[in-house]
Amino acid sequence: ILGFTHEAICIPRNLIGLVEGRSTYARLGISMHQTAPWIQPGGKGPIVLEIMNNGPLTVELTPLDDKPCQLTFFQLTSELPARISYGAKPGGGFQNQTHPIRPL
């Protein structure tokens, strides 16, 4: 299932983010991303989570109560130029998206 984080983020051009699941949920078989864990420099908006239940239990996540993922930030050795940062090209429709599938 695709879902959004409650929070919106804005990654500066000197950082890259990595979204990961948390151990408590992983032990139930829940993973938070399947293919896209990186949040690119210049990325803005809520984070789309590619949630999968690989376990035998039915798990219901409650918005604002459950906190199934975490972010790690890595500092780049130099700031990514604005012309090549995420969302700089026309058609970078996932910036500030409001639906997990459809770009803006």
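Predicted model: local features only at pLDDT ≥ 70, side-chain atom pairs only at ≥ 80, totals over all residues.
Figure 1. Strand S4 covers residues 38–39, and S2 and S4 pair in the antiparallel sense over 2 bridges. Strand S2 itself takes in residues 15–21. If you are wondering how much of S2 is covered, 5 of its 7 residues are buried, so the strand is mostly covered in the sense of being under 20% relative accessible area.

**Figure 2. Glu20 facing Gln70 across the S2 and S7 pairing.** Here Glu20 stands opposite Gln70, a residue of S7. Strand S7 runs over residues 69–75. S2 and S7 are joined by 7 bridges, and their pairing is antiparallel.

**Figure 3. The three-stranded sheet.** What is the order of the strands in this open sheet? Its 3 strands follow the order S4-S2-S7, with antiparallel pairing. S4 and S7 stand at the edges and each has a single partner strand, so one side of each is left without a neighbour in the sheet.

**Figure 4. The largest pocket and the residues around its centre.** This pocket has a volume of about 640 Å³. Its lining is made up of 24 residues, and those nearest the centre are Phe4, Thr5, Leu49, Asp66 and Pro68. By class, the lining divides into 16 nonpolar, 5 polar and 3 charged residues.

**Figure 5. Strands that contribute to the largest pocket.** The largest share comes from S1, with 7 residues. For orientation, S7 is also the strand that holds Gln70, opposite Glu20.

**Figure 6. The second largest pocket.** About 400 Å³ of space lies in this pocket. Of the 17 residues that line the second largest pocket, Trp38, Val48, Tyr86, Phe94 and Gln97 are the closest to its centre. S4 and S5 each supply at least two residues of the lining, and the largest share, 6 residues, comes from S5. The lining holds 10 nonpolar, 5 polar and 2 charged residues.

**Figure 7. Setting the close-ups in the whole protein.** Taken along the principal axes, the C-alpha atoms fill a box of roughly 45 × 30 × 25 Å. Of the 104 residues, 29% are buried. Among contacts between residues at least 6 apart in sequence, 72% join residues at least 24 apart. The protein exposes about 7000 Å², and carbon and sulfur atoms supply 57% of that area.

Definitions and conventions:
Residues numbered from 1 in each chain as written. Heavy atoms only, no water. 1 Å grid on protein atoms, 1.4 Å probe; cavity = no way out; pocket = protein on both sides within 12 Å on 5 of 7 lines; lining within 4 Å. Points joined across faces, edges and corners; volume = space filled by probe spheres on them. Helix = DSSP H or I, 4+ residues; strand = E, 2+ residues; numbered from the N terminus. Nonpolar A, V, L, I, M, F, W, Y, C, P; charged D, E, K, R; others polar. Pairing = 2+ DSSP bridges. Buried < 20%, exposed > 50% of the residue type's maximum accessible area, 1.4 Å probe, protein only. Contact = heavy atoms within 4.5 Å. Areas by Shrake-Rupley, 256 points an atom, 1.4 Å probe, with all protein chains shown as cover.
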